[in-house]
Amino acid sequence: MTELAVDPAIVPSSIERTPYDIIIEILTSLPAADVVHLLSTSRTLRSYYNDEQIWRILSRQFGVTDTASFNNRPFRIIYTCLLYKYGPLLGLWAGDHAFSGHVLEFRLDQGSELSESCIIGEFWRFRRPQIFHMDIDKPPEQPRYIPTIRIGFAPGTDAVRITCCAPANGAQINTHQAHIHHVEQTTNGVFLGGDSFMALLQHPDFPRSTDATWLDRRRPPIPLSTMTAPTPSRRSFGVINPLFGLAWQFVMSVHLGNTDVVKPRAISLSCDADCVELEFPTLSIRVDNSVTPRYYPLRGEVRQGLDGWAEEWSPASLVGLWLGWYGPHGTECLFIDWNEENETLTGIKLTGDENVPRGVPSWEVSAKLPYHLSTEEEMLCAQILGDRVACRKYRGTGTTSGAGFLPSEHGHPPILLAITGPDELGVIWLDGGFMLQNMRYTGRRY
Ligand SMILES: [Zn+2]
């Protein structure tokens, strides 16, 4: 239980003479932990403990408006046993898995005739990388949602149970007890070891700074127990595509080490049989990992898309979560950030690949400098954009790399960012002569 953090003016003795309506208002505006604490410390307030109205209002904050799908349990039970503790998980989380990253989403599942409502955590999944299929001119895919962890009432009791959904095993019958922990801030970052380099190589920090704009700072604190020292267990992620043969026996191992960047508090997931840990995006290189991934709260709000030529359009309207097409790597998630001071737009990778990993800007363009196109580039734009060639464009650089993101292999070739629609943009790689499509993530499509 957390410490009581209410205004000293609202001590129980003065609350006792307060009208009911105001008490309700006070209680329902307090952080969840404080309500539970306050109601259990004051004798007068304890009489409100069975007042469903309070618990109904509090439950509504997490989207629960009806008890039917919870087997008609009282709101008090739904709130104090489930929502108070696990409700703050609802929303998107960005995992720090080396290279790939991972997106995790907690949502309220409405249940069915056979199952009660619960909170469910799902991984976003896109199709596997297909290195021999360039497939440049494709729209990004929408994610598929893979149920991973379920938080709900055990049948016939008021006890909450956390179980894995056994996604990696594919066997839905075998579910195990799973755990969600709070992990403290850390300066640890990922370092890579491999046959091809002499010393450990620092992998990009994720997040790159405590000010990373994709971090959701408004997410309420989560009253979960803290895991201090994760138990290392060695597992491999990524596959060696048999088609690559011996040339691709490229194996890396992940290690923890200190970096200059403090990463904020996060959560971690585990299952007694490693199912949750085994579910991760596919790479085309093999990475031996003994590090428990951390998940950071990810801003998920969706801004209204505007036509590029509308008067009220500004680069700020692009801020948020986008899905980008990366040819052979398939779809990856980006967070577009607008820096008003420098007038730069940056597409930061939240998920990545063995060439350009998560946490690294995929591209950066300037909205300040006028751009000039050579005749050749103008012809390329006309050819790629067709009748949309007059759209708003910005010039900048992209990020490229060979497999492994080794510093000697980084490149920053010129790109154009073309605003091709209210929720669409294209990244034109001028040297390559092609455009990759991006779409704003406008929320869940079931
Ligand atoms: Zn499991």
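The buried residues of helix 6 are Phe-75, Ile-78, Tyr-79, Thr-80, Leu-82, Leu-83, Tyr-84, Lys-85 and Tyr-86. Buried here means that 20 or more other C-beta atoms, placed from the backbone, lie within 10 Å of the residue's own; with 12 or fewer a residue is exposed, and in between it is partly exposed. Helices (H or I, at least four residues) and strands (E, at least two) are DSSP runs, numbered from the N terminus.

Before I go on, this is a predicted model, in which local features need pLDDT of at least 70, side-chain atom pairs count only at pLDDT 80 or more, and totals for chains, interfaces and linings use all residues. Residues are numbered from 1 along each chain as its sequence is written.

Back to helix 6. Nine of its 12 residues are buried, so helix 6 is mostly covered. Those buried residues pack against helix 3, helix 5, strand 3 (118-125), strand 4 (144-153) and strand 5 (160-164).

Now helix 5. Its axis and that of helix 6 come within 8 Å and cross at roughly 45 degrees. Axes are lines fitted to C-alpha atoms, for helices over the stretch in contact, and angles run from 0 to 180 degrees between N-to-C directions. Helix 5 and helix 6 are therefore oblique to each other; angles under 35 degrees count as roughly parallel, over 145 as roughly antiparallel, 65 to 115 as roughly perpendicular and the rest as oblique.

Glu-52, Trp-55, Arg-56, Leu-58 and Ser-59 of helix 5 meet Phe-75, Arg-76, Ile-78, Tyr-79 and Leu-83 of helix 6, where contact means C-beta atoms, placed from the backbone, within 7 Å.

Which residues of helix 5 are buried? They are Ile-54, Trp-55, Leu-58 and Ser-59. These cover an arc of only 125 degrees around the axis, which puts them on the same side of helix 5; the arc is that of the directions from the helix axis to the C-beta atoms. Their cover includes helix 2 (20-29), helix 3 (32-41) and helix 6.

Helix 2 packs with helix 5 at an angle of about 35 degrees, the axes being 10 Å apart. Ile-24, Leu-27 and Thr-28 of helix 2 make this contact with Gln-53, Ile-54, Ile-57 and Leu-58 of helix 5.

Last, the loops. Asn-71 sits in the loop between helix 5 and helix 6, and its phi is near 60 degrees, a positive value in a residue other than glycine. Asn-71 counts as partly exposed, with 14 C-beta neighbours inside 10 Å. Elsewhere, a cis peptide bond joins Phe-206 and Pro-207, with omega about -5 degrees.

How values were computed
Two residues are in contact if their C-beta atoms, placed from the backbone, lie within 7 Å.
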